[in-house]
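Morning, everyone. Please bring up the model.

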Amino acid sequence: MDTSKSSYDETFSFAPRDETEGERLQKVLARLGYGSRRVCEELIESGRVRIDGRRAILGSRVRPGVERVTVDDIEVATAPDMVYYLLNKPAGVITTAADPQGRPKVTDFVPVEPRVFPVGRLDLESEGLLLLTNDGALAQLLTHPSHGVEKEYLTYVDGALRPHELAQLRRGVELSDGRTQPAKVSLLAPDLVKITIHEGRNRQIRRMCEAVGHRVLRLVRTRIGPITDRTLAQGSVRELSTSEVIALRGTPGARR
């Protein structure tokens, strides 16, 4: 008996759901900014959309926040209450959702509801871009060391950096918790360097610079994976666009 067709249907496609179960897939995708209803139907028909790993078909229905939906193998956050903020953090603000000492904290800059949390950390005196969200799955993807999402920093130090010190930073330096992985390092001025890392150790950039003999005077994060914004004023916050969230989920190393 020829089982190729039934095997294909079972492995790669869904029959349409019961009309009372979930939402139509094209409606969910359109709501999330993937285009008009017709554009989303074309995405489904072209085989680019999957539900829980199986190819969706036109007429498929999905339960937002329950089933895993991907477009071009990039996961879509279908839960209706997911929010994503980009903050340009000033110095003197603590990266936490609560502080018993009553210091300014990053969650003071965003709406109270829905409750969000910072993705990764910037120490008290560091500045620059920080993501806040209630999407725990995406936060895990962006912060886990194995996923290698790049973070870029402008680093102002005391004194001119010499060639051999730059070479040390690029190769990796020995810290108390082990040797750092190779970094991308560009000298912009004698005392200003752009450093790009994909680890997330505590105060890592400051400790790397101290290891080669320089104290960091100012540290500004300018990029998280594909996300950057030179127009966002210090202390300002905005929501990420749908395309930015999609870009974050598609960051090399951040796919599941």
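The second largest cavity holds about 40 Å³ of space. A cavity here is a set of points on a 1 Å grid over the protein atoms alone, where a 1.4 Å probe fits but cannot get out. Volume is the space filled by probe spheres set on the points, joined across faces, edges and corners. By this rule there are two cavities of 30 Å³ or more.

This is a predicted model: local features need pLDDT of at least 70, side-chain atom pairs count only at pLDDT 80 or more, and totals for chains, interfaces and linings use all residues. Numbering runs from 1 along each chain as its sequence is written, and side-chain values use heavy atoms, leaving out hydrogens and water.

What lines the second largest cavity? Among the residues are Tyr84, Tyr85, Val119, Leu138 and Leu248; lining means an atom within 4 Å of a point. E9 gives the most, with three residues. Strands are DSSP runs of E, at least two residues, numbered from the N terminus.

Now the cores. A nonpolar core is a set of buried Ala, Val, Leu, Ile, Met, Phe, Trp, Tyr and Cys residues joined through side-chain atoms within 4.5 Å. Buried means under 20% relative accessible area, with a 1.4 Å probe and protein chains only. The largest core has 28 residues, and Leu132 and Met208 are among those with the most contacts inside it. A second, separate core of 16 residues includes Val119 and Leu138.

Last, cysteines. Cys209 is buried, because its relative accessible area is 0%. Cys40 is buried too, at 0%. The structure holds zero disulfides, meaning pairs of cysteine sulfur atoms within 2.5 Å.

Definitions and conventions:
Buried < 20%, exposed > 50% of the residue type's maximum accessible area, 1.4 Å probe, protein only. 1 Å grid on protein atoms, 1.4 Å probe; cavity = no way out; pocket = protein on both sides within 12 Å on 5 of 7 lines; lining within 4 Å. Helix = DSSP H or I, 4+ residues; strand = E, 2+ residues; numbered from the N terminus.
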